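Biologist: I have not looked at this structure before. Could we go through a few points in it, one by one?

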Amino acid sequence: MKTISLAETSVRALNGQLHAQAAECSEREWRITEPDGRHAIACGLDQELDVRIAGHAGYYCAGMNQKASVTVEGTVGVGVAENMMSGRVHIMGNASQSAGATAHGGLLRIDGDASARCGISMKGVDIVVGGSVGHMSAFMGQAGRLVVCGDAGEALGDSIYEARLYVRGSVASLGADCVEKAMRDEHITELGALLEAAGVAADARDFRRYGSARALYNFRVDNADAFSGDGDGQ
Amino acid sequence: MDNSQDAWTLRESHSFDRHTIHEIQRAATTGIYDIRGFGAKRALPHFDDLLFLGASMSRYPLEGYREKCATDVVLGDRFAEAPLHLDIPVTIAGMSFGALSAQAKEALGRGASAVGTCTTTGDGGMTDEERGHSRQLIYQYLPSRYGMNPDHLRAADAIEVVLGQGAKPGGGGMLMGQKISDRIAQMRTLPMGIDQRSACRHPDWTGPDDLAIKIEELREITDWKKPIAIKIGASRTYYDVKLAVKAGADFVVLDGMQGGTAATQEVFIEHVGIPILAAIPQAVQALQEMDMHRKVQLVVSGGIRSGADVAKAMALGADAVSIGTAALIALGCNDPRRDADYRRIGSAAGFYDDYHAGQDPAGISTQDPELGARLDPELGGRRLANFLRVLTMEAQTIARACGKSHIRNLEPEDLVALSIEASAMARVPLAGTEWIPGRG
């Protein structure tokens, strides 16, 4: 295992070394110490690396990850694992806004809470949140699955496309075109497998499912009221 | 009406002209605002309202065709290890695969590469055809992040963070369901046949301070090699340019309200944003006040049609211009030779703006394979290259006449305005006077 202290090495130098592994992988296991909330730590990885960050990370930690497994032993700022393509990112603490934004694939696990816009514009990623998520989560979610073991804030799934949302606790309100759907056997099976893959001990039967009503997929004037509400959530 | 009465004796209302009457009737029938492509169609203050002061006694002209007048430009050398080196100061604006056919994207790449300039992707991601035929390619990083892929960030020659578009500042994109092919749907991770709305705001940052950190992430992912531009729709230009510079942009792309679009609400196209003529001086002022003029390059777009427009934009302080609609026209959009085809779908050559409908007879703004096949990418590329060469030669001719050995040496002092409005916006004197409205 290679250990790098960000008190001694710049983020640029660290990311340069991690990126170099994509061309010729000489070190698979990395431990990053003294991250102290720095931004863009371990972003743009494109190799099957195992990176552990011993502390708190700032914005865009593990952004656009491909193949790598990144664990943060602390909290993270805005946009953790944004646009992740594959691999696995595990946050042992809480996450700020836009966790997993626009991510196409892979698994993002957050042990604590995630703030607003968790899974915004998600495009295929699986996100499992041990705690609660803030408002506008899964906004314009296109594909993938967002699992919330706690509660969801206002306007969950606003303008959602085909992402699938599972929430165990309460939902403050649903956004435009997002509706509760029946939790059928296949969904319990699917969710159970996802919880197991994420390493989260929870019973899939305790969750409720939400998704798109598909009423706004093509404009019809009769639906105009659906997006003429009180404008909360922003 | 009495059949014996001549139509010319009738008086059309200025407030309720035929277009307005038609639009009210159309809205009442359909219950939806008009959506179309192209750009603003009404008269706007534009470069036509400016004139060059060719050299006579007080300035010394250069000989046309014979004396050298350089045209090269470097974009993005503020932080990037590998800035763009272009042979001409005219680039191809971002236009998406989805809005345009694969043949059109290929033709744009061929034409631009032939004359040493770059093309730009659009909403929906990068295609292999586009990368393969564009020697230099700018990858747009858009709010929707449709098809966003870090491999494409690394494969691009520059990255353009798009905050707005001149035809619709504050508005997102629209790709109507009828244009969603299997490939488009797959690229954008959306079902077939639905209207694809592109978000109007970026999902993972909410202000200029966040944007600075976002740009830092993009630089980290690309190992600080690629120039990063910020594209804004001209509206609050002065402040937006200052914030773009503060956020770390290598260069700024400023799109005026005459800019084209593939599909958006007409009310946006005609009523939101400001003309590029008014926006450039605001942008230049912002850059100058930060001592960043020419250090953070300014690329302007929105209604560039001729070498005179190129020269005027650069004289006002731009480092380069970008063309969209004009490039499509060069490929064959609205070609009179296809007038019968246009009429069959309820339009006419010169008027066609239903880019969103996917029925483009020229094979440019369509995903229909049969229509797309009408556009020969090689021929289209040659036509675009010709047009780009003409734009450049025209701008050079004007620059020489103003005594400049490089196009970028054109300056506001070379210009006068024909109208008080243009004089005030462009901040150059009214022709025959030393008066600039607002400056005493």
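**Surroundings of a glutamine, and the cysteines**

Modeller: Bear in mind that this is a predicted model. Setting aside neighbours within four places in sequence, B:Gln297 is in contact with B:Val74, B:Leu75, B:Gly76, B:Asp77, B:Asp250, B:Phe251, B:Val252 and B:Asp319.

Biologist: Is B:Gln297 buried or exposed?

Modeller: The cut-off for buried is under 20% relative accessible area. B:Gln297 has a relative accessible area of 3%, so the residue counts as buried.

Biologist: Which strand holds B:Gln297, and which residue has its backbone oxygen 3.5 Å from a polar atom of the B:Gln297 side chain?

Modeller: B:Gln297 is found in strand S14 of chain B, which covers residues 297–301. The backbone oxygen 3.5 Å from a polar atom of its side chain belongs to B:Arg294.

Biologist: How far apart in space are B:Gln297 and B:Asp210?

Modeller: In sequence, the two residues are 87 residues apart. From C-alpha to C-alpha, the distance between B:Gln297 and B:Asp210 is 22 Å.

Biologist: How many disulfides does the structure hold over all chains?

Modeller: B:Cys200 is in no disulfide, as the nearest cysteine sulfur, that of A:Cys178, is 19 Å away. Over all chains, the number of disulfides is 0.

Biologist: What is the relative accessibility of B:Cys200?

Modeller: B:Cys200 counts as partly exposed, and its relative accessibility is 34%.

Definitions and conventions. Residues are numbered from 1 along each chain as its sequence is written. Chains are lettered from A and ligands numbered from 1 in the order in which they are written. This is a predicted model: local features need pLDDT of at least 70, side-chain atom pairs count only at pLDDT 80 or more; totals for chains, interfaces and linings use all residues. Side-chain values use heavy atoms; hydrogens and water are left out. Helices (H or I, at least four residues) and strands (E, at least two) are DSSP runs, numbered from the N terminus. Buried means under 20% relative accessible area, exposed over 50%, partly exposed in between (1.4 Å probe, protein chains only). Contact means heavy atoms within 4.5 Å. A polar contact is a pair of N or O atoms within 3.5 Å; within protein, one must be able to donate a hydrogen and the other to accept it, and residues adjacent in sequence count only if both atoms are side-chain atoms. A disulfide is a pair of cysteine sulfur atoms within 2.5 Å.
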